[in-house]
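Subject: Structure handover

Hello,

Here is the structure I said I would pass on. My notes on it follow below.

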Amino acid sequence: MPAVDFIRSGLRMAYHTPVLLEEVVNQLQPRRGGLYVDCTVGGGGHAREVLRACGPEGQLIGLDWDDEAIAASRERLSEFGARVQLVRASYTELERVLMSLGVTAVDGVMFDLGVSSRQFDEPARGFSFLREGPLDMRMSRQLAATARDILHTTGLEELAKIFRLYGEEKRARAIAREIVTERERTPIETTTQLARLMERVLGPKHGAIHPATRVFQAMRIAVNDELGNLKRGLEVSTQFLKSGGRIAVISFHSLEDRIVKQFFVEKNAGCVCPPQLPACACGRKEVLRIVTKKPVSAGEQEVRDNPRARSAKLRVAEKI
Ligand code: SAH
């Protein structure tokens with residue numbers, strides 16, 4: 001292989017290593033000629049295996065709201081030609097996207113939540129407190145407010161709420177107070193500046209993790225409205241699933257996993273009318289059958305090869 005191609009293929013590989021790859025494909029059970037949606041196509045790692053499994057005529061629609069992810073997956077999935085369509089959009093806009101493509105129902109949907117390794121490792125995106133960069137944290141450049149904007153325009157109580165709810169941070173209020181004091185002295189512009197501030201408030205060690213971990217998670221969730229989007233995305237994608245079609249979701253922290261679990265349970269519940277009623281009045285029907293009673297996690301080998309897999313949980317349900 002010429003050196004340039006070798007480096008290029010290395011770069012492609014390095015975009016993002018898909019987690020629970022085999023498990024997702026096994027659970028999604030792609031059928032030949034089926035139509036699948038990857039709501040978070042990223043570097044196209046999962047999409048590629050789904051396209052292989054549903055070939056030679058199966059199709060995939062891939063969404064991502066990050067231009068760079070769309071560019072990377074366009075290259076990675078080029079071998080599939082017209083079998084794949086990539087759209088830069090948030091999965092919360094799935095209905096509009098599918099309508100514009102003339103699609104009314106799909107055979108399977110997947111979500112691989114959070115940021116890709118590429119986004120995380122790129123200092124300019126501002127996701128990592130270990131890398132000096134601007135406090136941006138927007139997964140999509142279409143989003144108006146960066147982490148810096150939110151840190152400087154949000155009141156003390158609201159900031160504390162963000163850290164408490166999205167970071168599950170016990171000392172949320174103390175941190176918020178420190179940020180409000182600090183920002184009046186000097187603007188907090190960079191990741192490392194915020195990380196140092198956290199070390200000052202919480203001490204160099206905060207349990208087993210770096211003191212900035214929870215605040216960075218909280219800010220990221222707030223900037224990208226990750227939990228609100230997830231709820232909307234699950235709802236709309238379930239509507240488009242064909243009967244027997246599956247929805248597979250990989251989450252990376254307990255807040256996300258709880259939303260997925262509760263959504264599946266809620267859609268699994270049928271009529272809630274008291275038994276003495278002659279006919280159902282609530283109109284609730286079972287919409288999903290839960291396939292994974294317990295979430296699927298990565299095996300030891302995968303966690304060793306890819307530390308990002310450590311916290312991954314896969315839940316799957318099937319449309320009734
Ligand atoms: N499965 C992919 C990796 C996905 S990483 C692979 O194998 O390569 C998660 C991706 O989800 C990121 O690229 C991020 O930009 C995207 N994402 C997060 N929230 C989104 C949303 N609301 N709409 C569309 N894409 C989103």
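How far is a nitrogen atom of the ligand from an N or O atom in the side chain of His-46? The separation is 2.8 Å. Please keep in mind that this is a predicted model, and that the values in this email were computed from it.

The ligand site

An N or O atom in the side chain of Asp-112 lies 2.8 Å from a nitrogen atom of the ligand. Gly-44 takes part through its backbone: one of its backbone N or O atoms is 3.3 Å from an oxygen atom of the ligand. As for cover, the ligand on its own would expose 580 Å², and 99% of that is buried by the protein. The ligand is located in the largest cavity.

There are 23 residues around the ligand, and those that come nearest are His-46, Asp-64, Tyr-91, Asp-112 and Gln-119. By type, the shell around the ligand consists of 12 polar, 8 nonpolar and 3 charged residues.

Met-137 is found in the loop that runs between helix H6 (117-121) and helix H7 (147-153). Its relative accessible area is 0%, so Met-137 is buried, the cut-off being under 20%. Met-137 and Thr-191 are 54 residues apart along the chain, and their C-alpha atoms are separated by 9.7 Å.

Leu-151 belongs to helix H7. Is Leu-151 buried or exposed? With a relative accessibility of 1%, Leu-151 counts as buried. From Leu-151 to Gly-33 the distance in space is 48 Å, C-alpha to C-alpha, and the two are 118 residues apart in sequence.

Thr-238 is placed in helix H12, which covers residues 226-240. Thr-238 counts as buried because its relative accessibility is 4%, and under 20% is what the term requires. A polar atom of the Thr-238 side chain lies 2.7 Å from the backbone oxygen of Leu-234.

In brief

For the ligand, the points to take away are its place in the largest cavity and the 2.8 Å distances to side-chain atoms of His-46 and Asp-112.

Regards

Notes
Residues numbered from 1 in each chain as written. Predicted model: local features only at pLDDT ≥ 70, side-chain atom pairs only at ≥ 80, totals over all residues. Heavy atoms only, no water. Near = heavy atom within 4 Å. Polar contact = N/O pair within 3.5 Å; in protein donor to acceptor, adjacent residues only side chain to side chain. Areas by Shrake-Rupley, 256 points an atom, 1.4 Å probe, with all protein chains shown as cover. 1 Å grid on protein atoms, 1.4 Å probe; cavity = no way out; pocket = protein on both sides within 12 Å on 5 of 7 lines; lining within 4 Å. Sits in = over half its atoms within 2 Å of the grid points. Nonpolar A, V, L, I, M, F, W, Y, C, P; charged D, E, K, R; others polar. Helix = DSSP H or I, 4+ residues; strand = E, 2+ residues; numbered from the N terminus. Buried < 20%, exposed > 50% of the residue type's maximum accessible area, 1.4 Å probe, protein only.
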